[in-house]
Number of protein chains: 2
Amino acid sequence: MIPDGILVLMGPIEVEELATRIRAGSVRALARGLSWIEAGGERAEALSEELYPDTRGAHVVGVTGAPGAGKSTLVGALAREARQRGASVGVLTVDPSSPFTGGAILGDRIRMNDLANDPGVFIRSMATRGAMGGLCAAAGAAVDLLSAARRDLVVLETVGVGQDEVDVMRLAHSTVVVSVRGLGDDSQALKAGIIEIADIHVVNKADREGADRTLAELRSLLAMDRGSSGAWRPPILRSVATRQEGVSALLDAIDQHFKDLKTSGQLHARERRIAQSRVLQHAQTLVAQTLKQPIARDDDAVEAQIDRVARRELSPYRCARALLRRASAGERTPFHV
Amino acid sequence: MIPDGILVLMGPIEVEELATRIRAGSVRALARGLSWIEAGGERAEALSEELYPDTRGAHVVGVTGAPGAGKSTLVGALAREARQRGASVGVLTVDPSSPFTGGAILGDRIRMNDLANDPGVFIRSMATRGAMGGLCAAAGAAVDLLSAARRDLVVLETVGVGQDEVDVMRLAHSTVVVSVRGLGDDSQALKAGIIEIADIHVVNKADREGADRTLAELRSLLAMDRGSSGAWRPPILRSVATRQEGVSALLDAIDQHFKDLKTSGQLHARERRIAQSRVLQHAQTLVAQTLKQPIARDDDAVEAQIDRVARRELSPYRCARALLRRASAGERTPFHV
């Protein structure tokens, strides 16, 4: 373990050096690396590239559900339970709808305050949609960093539920969907999307009125969902996260799902799906960046082509293909796969 | 005008021939072309490419707003008013959340039934999200076809409100946001997104209780929004679409906005913004297609690379750039811009 104090005294830090410190477990280096990822660009990509081979081993768990379901309290409770079992934990809270719900993230942080002094728990929030629209790509890179920093359990939490959140959940090995009474409030479409991605269901605030009805609703919804692949049947658990109730059973189910993925041979399929999401999200972010932030040395070129499309001199189709060629070349020397 | 009867007797139809018939105003050819667009692929792109130079002239008007605001009744009323003024009309209803709200679209069609026998009004629904995630790209191409078919007014209607709908609205010259009492039901983020895209506000069902409060809410929201570009101040109108009330004033405002875009020199800026959206959406659709539907002759290549990413032998970044190169080449002979 490299003493973190050294890092603050340093000047500009190189990619390889930061990667070495992250691998060695430095919390400061990890924090710095995540700031690079949030800022994006060449440096972020170089760091991710450097660390990618070391990202195996961590169990990436997504936690999603409607606002007010008590997700962050539950994530805090899970982190505590995992720590008691000797695992190191990384928590990444992702909020695609920010800055509008910035308050919620701040609230989450405060609720997990008792974990703040434990170096075995690393908590970070991300909300960078405004920058590039590449929040999913950034979240993927952040998960890589936490994995390369040898966190045994990486929890990826979303603030709300929606298409962006479903995309974020595609980065996880195991997805926990947190419900609370009143499932009926969400639209049918949302329900269907959630049922589709859930590996484990948990009804939180299970001591409150209506929890039993929610459990029954979930059971009947899952009973209809017969076509899912593999032998795993998503369990439906109950918890009272504020009192740490049901959290041990939830972590058991999470562990069991990971074991099941391994023994059934489904883990590689899941990792392929994650890889596919990562590649697609990164490619689409590159395209958006190329269009919106043209390279300095010939920025007129992209603008001029868009102008020609607006004047009907060039079709969007030809222009799109030219844009893709441009995005594939990137800012650095092109490499060949 | 080519008699439509001829078309149904024909065998396979070529791109150029169909384009010629669409330009000549054949409703059947237009319907067939839109089916090509919905199906996607090489043929759709070739048709769009062929017609793109002829897409000038139409006024593309987006209509969005929360479900239940009476958008489709209002769109029907607008179409009637525009017909009375001698304009030809195309209506495209876009539903990114389908198939879940398929019933709503059917309902919309029925409500506009009295327009069905007027060849001067062409109505079509699109809901192809499931196919490729390229609904915006397809909607853009459909608008092109309606424009090339010399529809003076092309109305692009969305079923709900959300990020997808905002993206669709970026294809329009003028955006009408339809509200109904109870603005407060939507989230702050949604409100902000809507305020940002509206060129014209209309409170529909203005004869109902609460309409005045909605008008007041809109006025105070708009009063805060001082930073918008250009001299245009979005008017706030009221309508009762079921009784054709306020619809003439709405069409006047829509015409006025288009005139204002032209005289202020903002039209080209707007068309550039539309072009940028088109190019980005098409590029991202190409990327997704390349990833998900690999080309038959070497489909193993993409799959094998994703496999290497899953095994940490290749980073998502390198793979993404390779994917972009692949997507830029496309299925047809590469062309150089």
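B:Arg318 pairs with A:Glu49 in a salt bridge, with 2.8 Å between the closest N and O atoms. The term here stands for a side-chain nitrogen of Lys or Arg within 4 Å of a carboxyl oxygen of Asp or Glu. One network of salt bridges links A:Arg272 with B:Glu303, B:Asp307, B:Arg308, B:Arg311 and B:Glu313.

A word on the ground rules: this is a predicted model, where local features need pLDDT of at least 70 and side-chain atom pairs count only at pLDDT 80 or more, while totals for chains, interfaces and linings use all residues. Residues are numbered from 1 along each chain as its sequence is written, chains are lettered from A and ligands numbered from 1 in the order in which they are written, and side-chain values use heavy atoms, with hydrogens and water left out.

## The rest of the interface

How many residues does each chain bring to the contact? Chain A puts in 57 residues and chain B 58 residues, where contact means heavy atoms within 4.5 Å. The two chains bury about 6000 Å² between them, 64% of it on carbon and sulfur atoms. That buried area is the accessible area (1.4 Å probe) that two parts lose on being put together, summed over both.

There are also 26 residue pairs in polar contact between chain A and chain B, both residues being at pLDDT 80 or more. A polar contact is a pair of N or O atoms within 3.5 Å; within protein, one must be able to donate a hydrogen and the other to accept it, and residues adjacent in sequence count only if both atoms are side-chain atoms. On the side of chain A that touches chain B, at least two residues each come from several helices, including H4 (42-51), H8 (135-148) and H13 (266-292). H13(A) gives the largest share, 16 residues. By type, that side of chain A divides into 28 nonpolar, 12 polar and 17 charged residues.

## Helix H4 of chain B

Helices (H or I, at least four residues) and strands (E, at least two) are DSSP runs, numbered from the N terminus. Helix H4 of chain B, residues 42-51, is mostly covered, with 7 of its 10 residues buried. Buried means under 20% relative accessible area, exposed over 50%, and partly exposed in between (1.4 Å probe, protein chains only). Among the buried ones are B:Leu47, B:Glu49 and B:Leu51. What do the buried residues of H4(B) pack against? They meet H15 of chain A, together with H2 (15-24), H3 (27-39), H8 (135-148) and H13 (266-292) of chain B.

## Salt bridges within a chain

In chain A, the side chains of A:Glu217 and A:Arg213 meet in a salt bridge at 2.7 Å, N to O. Both sit in helix H11 (residues 211-224), 4 residues apart, about one turn of the helix.

B:Glu50 and B:Arg23 form a salt bridge at 3.3 Å, N to O; B:Glu50 lies in H4 and B:Arg23 in H2 of chain B, so the pair ties together parts 27 residues apart in sequence. Relative accessibility is 28% for B:Glu50, which is partly exposed, and 23% for B:Arg23, also partly exposed. B:Arg83 and B:Asp118 make another salt bridge, their closest N and O atoms 2.7 Å apart.

## Two buried residues

A:Lys71, in helix H5 (residues 71-84) of chain A, is buried yet has no salt bridge. Which side chain of opposite charge is nearest to A:Lys71? A:Glu157 is, 5.7 Å away (Lys and Arg count as positive and Asp and Glu as negative; His and the chain ends are not counted). Beyond neighbours within four places in sequence, the contacts of A:Lys71 include A:Val63, A:Thr158 and A:Val178.

B:Ala58 lies in the loop between H4 and strand E1 (59-65) of chain B and counts as buried at 5% relative accessibility. Residues up to four places away in sequence aside, B:Ala58 touches several others, among them B:Arg151, B:His173 and B:Phe258.

Key
Ala, Val, Leu, Ile, Met, Phe, Trp, Tyr, Cys and Pro count as nonpolar, Asp, Glu, Lys and Arg as charged, and the others, Gly among them, as polar.
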